[in-house]
Structures are given as structure tokens and as C-alpha cells.
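Student: I am new to this structure and would like to go through it step by step. Could you please show it to me?

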Amino acid sequence: MKPKLIPAVAYLRKSTKGTRADGTERQENSLAQQRREIEQFAAANGYIIIRWYIDEGVSGWKRDGKRPQFDRMLREAKELGDFRVILCDDIDRFSRAGVMDVFTDLLTLKNGGVVALHCVKQGKYDLVGAGQNDIGRVLKLVIDIHGGNDFSRKLGRRLALTRRNKASEGKRSGGNAPYGYNNGEKNSGTIVLGDPAKVQVVKSIFNRFVCEFHSMLYIANELNSQGVKPPRGKHWSNQTVKNILQNEVYKGTFTYNLKKTGEFFILNKDGEVVEAPERGPLRQAWKPTEDGVIRHHDAHEALVDQKTWQAAQDRIASFAKSARLRTRETPFVLTGVLVCDHCGNRMYGVDVKKKYNGKVFRHTEYRCEGRTRFGASVCGNHTIREEKILPFLMERMKAEIDEAQAELIRPKPERFFSDEPVDNTVSELEQSLRVLGEKIRIGKEGLLLEVKHARLRNELSDTVNEWLTEYDALEEQLLHAKNANKPLDWDNAPITDQLLVELANWRKWCEDSFSHDRLGTREVFRQLGAQVRLRWTCEKKQWGKEIRNYYQLATDCSYRLGEQQASLNLAKVHQAPVEGSSNCNRGVDRSYSRTGKG
Ligand SMILES: [Zn+2]
């Protein structure tokens with residue numbers, strides 16, 4: 001027997017431009033295509049489409065009157081009441097200028113006998129349900145439309161507009177004053193000279209760089225050894241110095257929109273507030289571009305004159321040319337794996353070329369980044385040759401996996417009992433999340449009820465938005481806390497056999513990659529999440545005599561096994577001397593530095 005078809009209408013909207021509720025740019029399908037999709041969708045779900053409502057060239061923000069077909073649909077739902085379901089391709093077709101508008105629209109539809117909103121993308125939203133609070137359902141739908149991103153987007157747009165308008169008058173809209181300055185009087189939008197010591201630091205940085213031709217690293221190093229506190233973080237780095245040298249604020253210029261940091265809205269090259277294009281997965285700030293930058297010269301007191309500032313830029317530009325030549329084809333296998341135990345910074349790879357007796361010798365070595373970035377006051381000159389450390393590590397990795405396999409075969413080893421007191425960070429965070437979630441829920445409900453007082457509503461929505469940001473941050477913390485040092489619970493662990501198979505695969509992969517290519521090897525280290533801390537314990541003897549370096553290696557490997565993400569935390573200290581640099585390879589146990597294979 002053929003089931004009875006449910007009468008439905010379809011609502012289509014084609015906007016000139018726009019983004020989805022999640023902030024991504026919409027690739028507009030043509031109306032014909034949307035229509036085909038909805039027709040198929042209706043047929044598959046047992047609906048008969050009795051009418052089409054199509055609004056063209058409008059965006060979801062537009063208020064009443066600008067979406068004539070949408071309004072017609074509301075009217076006809078009330079007057080004719082001949083359809084039960086509305087079909088559309090995406091829930092954000094329904095987004096309106098305000099939460100209240102959506103709420104009223106949905107209530108109108110519900111009173112007109114509409115029972116559900118069925119979206120191709122998000123699925124079905126019931127407006128009426130057995131035993132459920134109907135208002136609650138509508139509320140959920142409204143929050144789905146307006147919750148999260150969409151909610152912040154609107155706020156973001158408003159803020160972006162306000163900031164833009166202030167900036168075009170040469171006024172700052174809050175935020176910390178740049179290093180060496182303080183914010184002027186409240187709401188003045190200006191900055192004034194700050195701590196004289198800091199002012200002096202900025203001046204001396206320019207002076208050292210431009211007049212005395214010191215490197216940025218030298219300057220950073222000097223500031224570190226003088227114990228000068230950097231604008232952020234613990235140490236001055238060459239980047240910190242560079243940021244100061246490149247900041248136009250020090251020549252008295254006010255800039256706005258140089259870094260396009262807006263999450264949803266940025267200024268385009270014409271200075272209009274537009275929706276931001278999709279960002280990369282790292283959510284990094286935009287590269288500074290000249291598009292839509294607002295500048296006011298002589299906006300405040302300068303710390304250096306135009307000429308000095310420009311000289312600094314020219315000198316920096318001259319470095320950039322040589323840096324571009326430093327790109328490399330083959331990857332450094334151990335970059336990001338090796339960590340200097342003296343300062344905690346990563347070690348990075350370098351290709352070294354040396355001439356000796358007319359012959360050229362090449363090797364790859366890893367150097368402590370702490371030294372390079374922050375200077376000698378932070379760390380010593382620690383290097384290790386790849387040919388010395390890599391074979392040793394490859395052997396260790398294989399051994400670690402073999403050990404993990406052996407451990408899994410043993411029945412219920414002691415380390416799987418979690419006698420230790422459970423870390424209560426997780427439960428604390430979960431509690432705060434619950435509390436905050438409740439606050440947000442109540443806040444959102446309050447928003448729906450507070451119709452008349454625009455000011456109150458704005459205030460409330462600001463607060464809710466703050467909570468939402470806090471919520472996101474807490475959630476991230478929770479994720480971290482959950483993943484950190486998770487004891488493997490034997491009873492709930494993934495099936496041992498499965499783990500063993502995974503480990504066997506890993507072992508095989510390691511062997512294949514290690515013997516084949518550098519890229520593969522690097523991938524193995526990355527996937528294993530291997531981190532190796534190196535400590536240099538050096539017995540120096542008299543100049544010209546033997547110098548020995550002994551390395552104490554600690555490998556802390558957390559293994560990720562397939563999708564299960566069962567992580568075995570194998571923290572072990574291997575007290576094995578490994579030869580370190582070319583001039584200290586005598587009298588050292590060499591057994592680890594061989595691969596073991598012929
Ligand atoms: Zn170091």
C-alpha cells in the first residue's frame with residue numbers, strides 16, 4: 001500500500017552573497033539546481049510539494065518586506081493552512097535579523113498547522129511533538145539557527161563597524177597600548193608615552209639596529225642578559241625585536257586593519273566591512289596586507305623619526321632576500337622531535353657545508369632553537385649531527401614498539417590499575433562547563449523574552465557572547481585534560497588483539513619507512529608523537545686535548561593507535577652515552593650508533 005503523501009511547501013532563497021551559519025562561504029547553487037535537489041528530497045521523504053516560495057537576491061539578514069515570498073508563506077500558512085511541512089536546503093535560509101523575528105515566524109507557522117521544518121542539510125525539526133513542551137522545541141530550533149557562530153557573527157559585524165568608524169577618525173577602540181605607550185584618557189582613542197624605561201628600550205632597539213648595525217638576535221640577547229622584561233612571554237627573541245622595529249606606531253602613525261584578525265568580518269580594500277573568507281585550519285591571523293588599511297600620520301607622539309624607522313625597514317628587507325634562498329628540498333627528519341633539555345626549545349635542522357683542504361664536506365645537524373632565537377643568555381651552543389642520533393633513535397623506536405607488544409601480551413600488568421588518585425581537573429572542568437552551559441541557556445531564554453528594551457537586550461547578548469567564548473575555551477581545556485596522562489583502563493581498553501595488530505602494523509611500517517625514505521621516516525616519528533630530549537653533559541679538558549660529550553637521552557613517546565587513540569605513555573630514560581659531535585668520538589660506547597642491519 002502506498003503511504004499518503006504529506007502536503008508541503010518549499011522555500012528557496014538565493015542571496016547575492018553570504019555565508020553559512022558556520023561562517024564558511026556559501027557556494028551558491030543555482031536556483032534550478034536547488035529546486036532539483038528539493039524535488040528529489042521531497043520524493044524520497046514522502047512529501048508532495050503544493051507551492052514554491054522563491055526569494056531572489058536577498059540575504060538572510062534582511063528584515064520584513066525585503067523577503068516578499070517568505071512573508072507570503074507566513075501569510076498563507078495563517079490564511080490557508082494547507083501545508084504541514086516546509087522544505088528547504090539549509091536551516092540558515094530562515095535566519096532573520098533578530099532572534100525574536102525567527103521566534104515569531106516559527107510560532108506563526110506552528111499556529112498555521114505547520115508541524116515540521118525539514119532541511120536537506122540538517123534534517124527534520126519538529127515544531128509539534130507528543131509529550132514535549134512545544135515552545136521548547138521551537139526554542140531549540142531558534143537556538144540552532146542563531147546559536148554559536150551565527151550569534152557571534154552578528155555581534156562581530158556590529159563591533160567591526162564600530163571599530164572601523166572610530167578608526168577612520170584616527171581613534172583606537174580599546175585593547176592594550178603598544179609597548180612603550182599607555183592608553184590615553186578613557187574613550188579618547190589615543191595613546192600617550194608610557195613607562196620611560198620602556199620608551200628607552202624602544203629607542204635603543206632602533207638605535208642599535210639602525211646606527212650600530214647589530215643583529216636582531218644580538219639586541220634580543222643583550223636585553224635578556226640585562227633582565228629587561230619583554231612585551232610578552234619570558235624572553236626577548238629576534239621576532240620580538242623585529243615586531244617592534246616593524247611597528248608603525250613608533251613613528252607616530254596610527255594603523256588599523258593591517259592584520260585582518262576578524263573572525264567573521266574584515267575590512268576590504270574599499271574599507272567596507274565584509275564577511276571574512278574561510279580561514280586555514282590553524283586559525284592564524286591574516287598576513288598583513290595593504291587592503292583596506294586605515295592610516296593616520298602624526299596621530300600621537302613618535303618614539304623615532306621617519307628616517308630612522310624607514311632605515312630599519314630597509315635593513316630588514318635586505319635580510320629577507322637571503323632568507324629566501326634557504327629553502328630545502330629534502331625534509332629534516334628530526335625537526336620537532338629533538339628537544340633541547342637545557343632550555344626546552346625544539347631543535348631544528350641545518351645543512352652544513354665545510355671546506356677542508358680544498359674538499360667540500362657536507363653534513364646535517366640539529367641546533368637548539370633557544371640559542372638561535374633568544375641568544376646565548378638563554379641557551380648554549382648545542383648541536384648534534386643527524387648521522388649520530390638518527391640510527392640510534394630508529395633502533396629505540398623499534399624496541400619501544402616491541403616492548404609495547406610484549407606488555408600487551410602480559411595479563412593485567414600493574415600499570416593498568418589506576419590506584420593513583422584520579423586527576424580531578426577533568427571533573428572540575430566538567431562541572432564548570434555544566435554551570436556555564438546552564439547560564440548560557442538561561443541567558444538565551446532571557447534574550448527571547450526581552451523584546452522591548454533594545455539596550456537591555458544588547459547588554460544581555462554581549463554577556464551571553466562572552467559566556468560562549470569562555471565555554472569554548474573551557475571545552476578545549478577539558479579536551480586537553482582528558483588526553484593528558486590518561487591511564488589506560490584495562491577493562492575498557494580496546495581489544496588487546498586489535499592493539500597487537502596495530503602495533504605489528506606500526507612495526508612493519510617503521511621498518512619499511514626507515515629503510516626507504518626520509519619523508520617516510522619523518523612521518524613515523526610524527527605519527528608516534530615521539531619527543532626526544534637531549535642533554536649535553538660535557539667534560540671539558542685542556543685545550544687541544546680530548547673533549548668528550550656524553551648524552552643522556554630520554555624518550556617520551558606517546559603512541560597513537562589508529563582511530564582508537566589509545567595512547568600508551570612510555571616515558572623512559574635511557575642512560576646511554578651517544579657520541580655527540582665530530583670532535584668527541586673517542587672512548588665512547590658506539591654500540592647504539594649502528595643500525596644493526598648490514
Ligand atoms: Zn637549548
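Tutor: One term is needed at the outset: buried means under 20% relative accessible area, exposed over 50%, and partly exposed in between, with a 1.4 Å probe and protein chains only. This is a predicted model, in which local features need pLDDT of at least 70 and side-chain atom pairs count only at pLDDT 80 or more, while totals for chains, interfaces and linings use all residues. Residues are numbered from 1 along each chain as its sequence is written, and side-chain values use heavy atoms, with hydrogens and water left out.

Student: How many salt bridges are there?

Tutor: The count is ten salt bridges, where a salt bridge is a side-chain nitrogen of Lys or Arg within 4 Å of a carboxyl oxygen of Asp or Glu.

Student: Which residue does Arg 208 meet in a salt bridge at 2.7 Å?

Tutor: That residue is Glu 222, with the distance taken from N to O. The pair links distant parts of the chain, since Arg 208 lies in helix H6 (residues 196-211) and Glu 222 in helix H7 (residues 216-225), 14 residues apart. Helices here are DSSP runs of H or I with at least four residues, numbered from the N terminus. Arg 208 also forms a salt bridge with Glu 212, at 3.4 Å from N to O.

Student: How accessible are Arg 208 and Glu 212?

Tutor: Arg 208 is partly exposed, at 24% relative accessible area. Glu 212 is partly exposed too, at 37%.

Student: Now Glu 76: is it buried or exposed?

Tutor: Glu 76 is buried, its relative accessible area being 14%. Its salt-bridge partner Arg 72 has its closest N atom 3.1 Å from an O atom of Glu 76. Arg 72 is partly exposed, at 23%. Both residues lie in helix H2 (residues 68-79), four residues apart, about one turn of the helix. They also belong to a network of salt bridges together with Arg 51 and Asp 82.

Student: Changing topic, how many residues has the largest nonpolar core?

Tutor: It has 25 residues, and those with the most contacts inside it are Ile 205, Phe 206, Trp 236, Leu 245 and Tyr 250. A nonpolar core is a set of buried Ala, Val, Leu, Ile, Met, Phe, Trp, Tyr and Cys residues joined through side-chain atoms within 4.5 Å.

Student: Which helix gives the most to this core?

Tutor: H6 does, with seven residues.

Definitions and conventions
Helix = DSSP H or I, 4+ residues; strand = E, 2+ residues; numbered from the N terminus.
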